[in-house]
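Take a look at the model first, then read on.

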Amino acid sequence: MIVSIASGKGGTGKTTVAVNLALALEGAMPIRFLDCDVEEPNAHLFLHPEIERSEKVSLPVPVVDESKCNGCGKCARVCAFHAILAFSSRTIVLPELCHGCGGCALLCPQGAITESPKVIGEVETGRAGDIRFAHGRTGIGSPLAPPVVKAVREALDKEGLGAGLTIIDAPPGTSCPVVASIKGSDYCVLVTEPTPFGLNDLGLAVGLVRELGIPCGVVINRAGLGDEAVSAYCSREGIPVLLEIPYDRKYAECYAKGGRLVDDFPELRGALKGLWRKISASGESGAEGEDGRREMGEI
Amino acid sequence: MISGKGGTGKTSVVASFAALAENKVLVDCDVDAADLHLLLSPEVVESHEFMASRQATVDVSRCTGCGHCSEVCRFGAIAMAYGHPTIDPISCEGCTVCSHICPEGAITMVDVMSGHWYVSHTRFGPMVHAKLKAAEENSGKLVSQVRRKAREIAESQGHELIITDGPPGVGCPVISSISGVDLALIVTEPTVAGVHDMERVLDLTCHFGVESAVCINKCDLDEANAERIEDYCCARGIEIAGKIPFDEEMVRAVVRGEPPVLYGDGAPDCAGPDSVAGEAAQAIRQLWDRVAVLLARDAGSF
C-alpha cells in the first residue's frame, strides 16, 4: 500500500506525521519511506538514515552541432519552453528552461541536435533501522522538481517490498511537484492546522486529491490552538478526521530539536498506530484496493 | 519574503509589513496555496484568466492509431487504448512534440486555463494575487505575471515599494519570486528543519546574487537552534534583521483575519506607536524598522 502525506499549506506537520507513522509501525511490517519534498527534504533530520547509495538525476538537454546547423530556427519554434534561441548565425540553448521533451532533437531537419544529460539533482537511498529510506534534492538554482521526485519514487522499486507499506512525504502546495509525489497513492493523508490558513489550503489540497481520484483523510495538528472551522469543513465535506494531535509546546520543542515524538511521548505512538488502523481499514473497504493490499493486517 | 520551509510565518510577517509600510504594492506569489488574502481582505477589482499552458488533443477521425505519439511522449501522458491514443491531461506538459510528429496531423494543441490572477484593493493599498488551479503547471510563469502587474501598478501610481509574499521551497516559483528583488527577507524558525531549509534557500539567493537578510520567528522555541542560525548567518555575513518570540497572539490574529501587528489594538486602522501590542507584534515592528533601513541603504547605493 502506498500512503502519501500532503498538506497544501507548508509547515503543518507533514514530515512529523510521516516520520512518526513510519517509526510507530517499524518492525510490524516492511516499510519504505520516500521523502519527495526534493526542494526542502527534512525527513532525514529525524530518521538519520545511513545512506548506502547516491545517484545523480539528470535531464536530457539539447546540444547543437554548429557544423550541421543551418540556422533554420525550427528547434526554437517547436520548443514550448523557450529553451532555445535561434539566430541566423547561432543557436543558443538555455538548459535551465529545458524540460527534456526531446522535440528539438527529434525534429531538427539537419540532425544537428543531440542530447546530453544535465544533472538537476540527486537521489540517496539507505536504511534507518528497519525502514528503507530514499530522498532527493534538486540542485540549487535548478527549477525542475518533478523529474527528481520521479527518481525518488522509483529509487527503491528494484528492491521489491511484497505486502509492505510505502510512506511518501510530499512537498507543500498543489502544483506539479505535489502531483508527481502523490500520484498513484492508495491513500492520501492531508495534514492541516485549525487556522484560516490551514483551512484554505486544505480545501485546495482536497480539490487536488479528488481530481487525482485518491481517497483521503485529515490529520489536524496543533488542535486546540485555532478555531473549529477545519472540523466543520471536514464533516460538511464527508472527509474523515483520522487524528487530532493536540497543540502542546513540548511537542513543538521535541520537533525543533529533531526528536522523535513517538519515542518521547508514548501517547503519540498509540495515536499513530490508530491512524494506521483507520487508513488500512479504509483501504480494505474501498473498492479500488488490489489484491496484495488486503493483506495489510492489524498491528 | 521567502523561507525554504513552509509554515515559518512569511504571510503573517508580510501582512504586518502591509500595515506598517507606506506607499507600497502587495503581491502574493504563493500562487498554489495563497493565504495573504485571508489577512488583508482584498476587494477584487480586476480578474484575469491565466492561459499559459497548452494541452494535446486528438482528432479521432484522422488518427490511424500508429502510436508514434505515445512513443515520443517522455511524460507518459499518451496511452494507446483500443487502437487510439488517450491523453492524460495531468501528465501532459504541453511540449507539443506529439502534435509535430503525428503523420496524420491528428493532434492539435489547445490552450488551457490554468488559473486566475487578480488586482485588488485592500485597506493597506493595491494587491496583486493569483490562484493556480490544482495540479497545474507553470506556477513560475504565473508568479512572473503577478509580479509584472505589481511593478506596473507601482510605476504608474508612484509606489516606491513592492512587498512580496513568496512560496516555500527553492524551485521554479521561488526563483521567479526573487529575480531582480532588492532584498530577500528569509523567515525561518529555530527547528532542525528550519535551519536546514534556510541554508538551502540562502544558497539559492547567493546563487542568484540576491541580497538577503534573515528573521528568526518563534525564536524562543529552541535556543540552541536559534544560536545555530545566528552563528551560521554571521559566518556567511548575513544579517539577522529581527527575532520574533513565540506568541499565541500570532495565531489568534490569523484566526481573526488580521495582520498580527495590528491585533489587539482595538482600532486596527489607527495603530499608532503607542498601541498596546504583544511581544511578537513589537518584534515585528522592530523588524520592519530594520528592513526599512536596509532598503533605504540599498536604494542609496544606486
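## Between the chains

Four salt bridges are counted between chain B and chain A, a salt bridge being a side-chain nitrogen of Lys or Arg within 4 Å of a carboxyl oxygen of Asp or Glu. Take B:Arg200 and A:Glu40, which pair up in a salt bridge with their closest N and O atoms 3.9 Å apart.

Before going further, some ground rules: this is a predicted model, where local features need pLDDT of at least 70, side-chain atom pairs count only at pLDDT 80 or more, and totals for chains, interfaces and linings use all residues. Residues are numbered from 1 along each chain as its sequence is written, chains are lettered from A and ligands numbered from 1 in the order in which they are written, and side-chain values use heavy atoms, with hydrogens and water left out.

How big is the area buried between chain B and chain A, and what share do carbon and sulfur atoms give? It's about 4800 Å², with 61% from carbon and sulfur atoms; buried area here is the accessible area (1.4 Å probe) that two parts lose on being put together, summed over both. In residue terms, 61 from chain B are in contact with 58 from chain A, contact meaning heavy atoms within 4.5 Å.

## Helix pair in chain A

Helices here are DSSP runs (H or I, at least four residues), numbered from the N terminus. H7 (residues 196-212) and H8 (residues 229-237) of chain A pack at about 25°, axes 10 Å apart, the axes being lines fitted to C-alpha atoms over the stretch in contact and the angles running from 0 to 180 degrees between N-to-C directions. That makes H7(A) roughly parallel to H8(A) (angles under 35 degrees count as such).

On the H7(A) side, A:Leu199, A:Leu202, A:Gly203, A:Val206 and A:Arg210 meet A:Ala229, A:Val230, A:Tyr233, A:Cys234 and A:Glu237 in H8(A).

## Helix pair in chain B

Over in chain B, H7 (residues 192-207) and H8 (residues 223-236) pack at about 15°, again with axes 10 Å apart. So H7(B) is roughly parallel to H8(B).

The residues of H7(B) that meet H8(B) include B:Val195, B:Leu202 and B:Cys206, and their partners in H8(B) include B:Ile229 and B:Tyr232.

## Salt bridges overall

Counting over all chains gives 26 salt bridges. One of them joins the side chains of A:Glu154 and A:Lys150 (3.7 Å, N to O). A:Glu154 and A:Lys150 are separated by about one helical turn, because they sit four residues apart in helix H5 (residues 146-155) of chain A.

Definitions and conventions: Helices (H or I, at least four residues) and strands (E, at least two) are DSSP runs, numbered from the N terminus. Angles under 35 degrees count as roughly parallel, over 145 as roughly antiparallel, 65 to 115 as roughly perpendicular and the rest as oblique.
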